[in-house]
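Dear colleague,

I am handing over the structure below, and I would be glad if you could look through it alongside these notes.

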Amino acid sequence: MSEYSWPSKNGRCQAAGAAAAWAETVRSLPVGTPIAGEVIGRQPFGVFLSIDGLPEAVGLARVDRMPRCMELPTVGQLVTGAVVWHAEHNHQVGIVLREWAEHEDLLPRFVERVGEVVTGRVTKIAPIGLFVRIADCVEGLVPFTEPVADLAKIVREDQDLSVQIIAVDLELTRVLLSAEGVA
C-alpha cells in the first residue's frame, strides 16, 4: 500500500486556484461528465485528482464508492471516471473511478448458496477467527468457537480450506462461514 499524502506534499497545491475557477469548473464538469486525470494525493478517505484540461480543478474519489476488495490508486497513477457531485464549500468535484463503477459486487450471489460447502483461501488469522476468501471480492469469517478454536493451530494464511456458508448479510456486507464438520 502506498503512503498517505496531501496534494500540497506532492507539489500540487491547487486550493487557491480552485476557488477562483469554481464557477468554470462546475460549468465544464456537470454530473455525468467523463474525466481523466492523475492522482495527486492519497488519504484514508479517498484520492485527490488533477483533472485533465482543467488545471485548477480538484477531484476527489471517496472510498465509500470503492469496492471493498480494491485498493486506492497510488500518487501519480492515471485514472478515468465520471463526475458524481460538486462540493462548493471546498471546491471539489466528486469522482467515481471507472474501475470502481464497473466492478460487479458478487456478494448477492452467495445469498442463494447458504448451506453450500465451498473451498476458499485463508487470508488472515485474527483473534476472532479465520478470514477466508471464497470468491473474488467475497470474504467470510469462520469465528473461533470451542470446536473450531483448535483449527487456528493447524491452519495457515494462504492455505485452501473447505468451509460451509452459514449466513450472508447484504446490509452489513458480511459472510458467516463454518469449518466445523466440513471434510
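The model is predicted, so local features need pLDDT of at least 70 and side-chain atom pairs count only at pLDDT 80 or more, while totals for chains, interfaces and linings use all residues. Residues are numbered from 1 along each chain as its sequence is written, and side-chain values use heavy atoms, with hydrogens and water left out.

A search of the whole structure finds one disulfide (a pair of cysteine sulfur atoms within 2.5 Å). It is formed by Cys69 and Cys137, whose sulfur atoms lie 1.4 Å apart. The pair links distant parts of the chain, 68 residues apart, with Cys69 in the loop between strands E3 (54–62) and E4 (78–87) and Cys137 in the loop between strands E7 (129–135) and E8 (138–143); strands here are DSSP runs of at least two residues, numbered from the N terminus. The link of Cys69 and Cys137 is left-handed, with -90° about the S-S bond. Cys137 counts as buried at 9% relative accessibility, whereas Cys69, at 35%, counts as partly exposed (buried is under 20% relative accessible area, exposed over 50%, partly exposed in between, with a 1.4 Å probe and protein chains only).

Best regards

Terms used:
Helix = DSSP H or I, 4+ residues; strand = E, 2+ residues; numbered from the N terminus.
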